[in-house]
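Student: Could you show me how to read the pockets and cavities of a protein model?

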Amino acid sequence: MSSKWRIETKCLQEGYKPGNGEPRVLPIYQSTTYKYDSTEQVAKLFDLSVPGHMYSRISNPTVECLENKIAALEGGVGALCTSSGQSATLNAVLNICECGDHIVSSSTIYGGSFNLFAITMKRMGIEVTFVDADSPEEEIQKAFRPNTKVIFGETIANPKISVLDLEKFARLAKKNQVPFIVDNTFATPILCRPFEYGADIVIHSTTKYMDGHATCIGGVIVDSGKFDWQNGKYPLFTHPDPSYHGLIYTKDFGAAAYITKARVQYMRDIGNCMSPNNAFLTNLGLETLHIRMERHSENALKVAQYLAHNDKILSVSYPGLADDKYHSLVQKYLPKGCSGVISFRIKGGRAAAVKFMDKLKLAAIVVHVADARTSVLHPASSTHRQLNDEQLLQAGIEPDLIRFSVGLEHIDDIIEDIDQAL
Ligand SMILES: *Cc1c(COP(=O)(O)O)cnc(C)c1O
């Protein structure tokens, strides 16, 4: 493995390196358990004094190769795969926060993350303050409290398709001595690597572009290794862990303290791990990620330009458009493209939006985005239907908003389909 490789090469070559006569393709180690020569060997594993696999809830050789590949793509010190993107968000935050803690989050985030923060974590005693990510730094600063432990945002928000000012959030994180967690699902490390702009932890729903073919639900947490957990605010990392004979994560694992704790303590106890089969399929998806992201972005820009010039369309949101509100942030953070998801509003309100969707032939109505095949969704009646009108608008979603995930079909076929449906 070489850190000098370009990202395209890393998509194909990182993570798994077969030795002489070994399988060329990453094998699926469909085994829950591992065999040892002596009781002493097992004891050492449980003390975490030697590396190795104990049990597939905690680690598995197939999943490990995928984790190493994703860590290399993002430029982190380590990664941990989870059973879903939701699990990645949950574990990433709960590896840090306890009852009584507080987090600051951009309000324009994925609907599932919004519910998780606003309802479920609140029930666990973790409070969230949602902020308008486009507000000036001083304004967002007011949301911080002495018990704030995390700041959270999405590189390209789903489904508002707004672009986060990563450096602004990173400055707020530094100033308040809290880690900055970025959901980088839509951008993928091909289009943006948030660690380069000061993020501390990156998460993904691998279900989306990383898999890319709608075959498996999955998630991942990546650790930059750069956050200072010893700043006095994070005793979970600097005080002895009674569940490992008083091990201290910052002392025993240094830069990998966060991701090690996420695995050996949090994943051990919660158990929302990725299966070896799903890791195999996700790895296969990653091998073409660089090519797909380029084409998704190219096709999406053409669709957005077509919609922008169509008089049946009320508005189009795609940061790749030259007159988009986020275009200057795009030039800074997303110079290679803005991914494949567009949102737009049709003249005629919610009814016209539903009618348009029902007329599409090539684009399929699915509760999914980021598939190789073009897909379409109405957030207000699906992913975000739990939100009331006020919360919808706070999340940047009008009732007539359509989320269109541009696939890898020929661009003319995609546009002809939209044209006939309009
Ligand atoms: C889909 C999605 C999630 C949740 O991921 P699942 O794999 O569906 O659990 C989180 N964040 C973003 C940005 C998403 O698009």
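Tutor: By class, 13 nonpolar, seven polar and three charged residues make up the lining of the largest pocket, where Ala, Val, Leu, Ile, Met, Phe, Trp, Tyr, Cys and Pro count as nonpolar, Asp, Glu, Lys and Arg as charged, and the others, Gly among them, as polar. This is a predicted model, in which local features need pLDDT of at least 70, side-chain atom pairs count only at pLDDT 80 or more, and totals for chains, interfaces and linings use all residues. Residues are numbered from 1 along each chain as its sequence is written, and side-chain values use heavy atoms, with hydrogens and water left out.

Student: What is a pocket, and what is a cavity?

Tutor: Rolling a probe the size of a water molecule over the atoms shows where empty space is left. On a 1 Å grid over the protein atoms alone, a cavity is a set of points where a 1.4 Å probe fits but cannot get out, whereas a pocket is an open set with protein on both sides within 12 Å along at least five of seven lines; lining residues have an atom within 4 Å of a point.

Student: Which residues lie nearest the centre of the largest pocket?

Tutor: Of its 23 lining residues, those are Pro51, Gly52, Glu64, Thr260 and Arg263.

Student: Where does the second largest pocket lie?

Tutor: It lies between domain 1 (32–285) and domain 2 (290–421), because both give residues to its lining; these bounds come from an automatic or database domain assignment. That lining divides into seven nonpolar, 14 polar and four charged residues.

Student: Which residues line the second largest cavity?

Tutor: Ile96, Glu98, Lys149, Lys233, Tyr234, Pro235, Leu236 and Phe237 line it, with five nonpolar, no polar and three charged residues by class.
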